[in-house]
Amino acid sequence: MKNKLFLGLVAIMFVTVLASCDKIPQAEIDAANAALTEAQAAGAEMYVPQDYLLVKDSLNAILAKVEVQNSKFFKKFGECKEQLVGVTTLASDLKGKTATRKEEVKKELETALEEIKVVMEENNKLFAKAPRGKEGKEALEQIKAELGVIETTVGEATNMLASGDYLPALDKVKAAKEKANSILEELKAAIAKVRR
């Protein structure tokens with residue numbers, strides 16, 4: 001009788017222990033990882049880096065919690081499951097934010113390309129009018145080389161625009177535009193100096 005009672009209590013404890021042990025929320029982990037990978041493939045890491053890192057760090061923190069819970073005797077993953085669903089939603093939202101930011105950068109790039117073309121036309125007109133004395137000859141050769149580099153950069157940026165590499169292209173165009181503007185001021189100053 002005592003053995004049956006003891007075995008009954010052991011069986012009840014065993015069932016209780018098994019019932020209180022959750023399983024690792026693998027489906028939620030896979031969904032969160034997949035959503036983050038899709039956001040990264042869409043360019044979130046480049047176009048919305050702060051948001052991307054926030055979501056990535058959140059996922060890593062939740063995965064660490066899952067590991068801690070997994071090492072316990074009584075595993076409880078309820079809170080982790082909810083957080084994983086939240087991270088999955090945030091990662092999915094990143095794709096939309098990335099697309100919006102890409103479009104903004106694309107428009108900014110197109111505007112910058114138009115502006116640099118105007119500056120380059122002005123530079124080419126002023127280059128033809130620039131003084132060609134002994135001192136000016138070397139300076140003009142250097143300016144001509146720099147204008148050639150700028151034109152090459154604009155060509156590369158135009159190709160990058162066509163291939164969808166908007167952010168690196170924008171950085172190139174901004175640097176080229178700054179250089180083109182400094183050349184423009186240099187040419188204006190040289191022409192004004194000769195006229196005096």
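**Before the views.** Axes are lines fitted to C-alpha atoms, for helices over the stretch in contact, and angles run from 0 to 180 degrees between N-to-C directions. Please keep in mind that this is a predicted model, in which local features need pLDDT of at least 70 and side-chain atom pairs count only at pLDDT 80 or more, while totals for chains, interfaces and linings use all residues. Residues are numbered from 1 along each chain as its sequence is written, and side-chain values use heavy atoms, with hydrogens and water left out.

**View 1. Welcome to a chain with 7 helices and 0 strands.** Helices (H or I, at least four residues) and strands (E, at least two) are DSSP runs, numbered from the N terminus. Read from that end, the elements follow the order α-α-α-α-α-α-α. Of the 196 residues, 29% count as buried, where buried means under 20% relative accessible area, exposed over 50% and partly exposed in between (1.4 Å probe, protein chains only). Contact means heavy atoms within 4.5 Å. Among contacts between residues at least 6 apart in sequence, 79% join residues at least 24 apart.

**View 2. Here α2 packs with α5 at an angle of about 10°.** Their axes are 8 Å apart. Angles under 35 degrees count as roughly parallel, over 145 as roughly antiparallel, 65 to 115 as roughly perpendicular and the rest as oblique. The two helices, α2 and α5, are therefore roughly parallel to each other. Their crossing is left-handed, meaning that the near helix is turned anticlockwise from the far one by less than a right angle (right-handed if clockwise). Residues making the contact include I29, A32 and L36 of α2 and L84, V85 and L94 of α5. By class, the contact of α2 with α5 has 12 nonpolar, 3 polar and 5 charged residues. For these classes, Ala, Val, Leu, Ile, Met, Phe, Trp, Tyr, Cys and Pro count as nonpolar, Asp, Glu, Lys and Arg as charged, and the others, Gly among them, as polar.

**View 3. Now follow α2 (residues 26-42) to α4 (residues 49-71).** This pair packs at an angle of about 160°, with axes 11 Å apart. Helices α2 and α4 are therefore roughly antiparallel to each other, and α2 passes α4 in a left-handed crossing. On the α2 side, I29, A32, N33, L36 and Q40 take part, meeting Y52, V55, K56, L59, L63 and V66 in α4. This contact has 8 nonpolar, 2 polar and 1 charged residues.

**View 4. What does the largest nonpolar core look like from within?** A nonpolar core is a set of buried Ala, Val, Leu, Ile, Met, Phe, Trp, Tyr and Cys residues joined through side-chain atoms within 4.5 Å. The largest has 30 residues, and L109, L113, I116, I150 and L187 have the most contacts inside it. Elements giving two or more residues to this core are α5 (78-129), α6 (134-163) and α7 (166-195). Helix α7 gives the most, with 11 residues. A second, separate core of 18 residues includes I29, A32, A35 and A44.

View 5. Not counting residues up to four places away in sequence, L113 touches V154, A157, T158, L161 and V173. The C-alpha atoms of L113 and L170, 57 residues apart along the chain, are separated by 8.7 Å.

View 6. With 17% relative accessibility, T153 counts as buried. Leaving aside neighbours within four places in sequence, T153 is in contact with K172 and A176.
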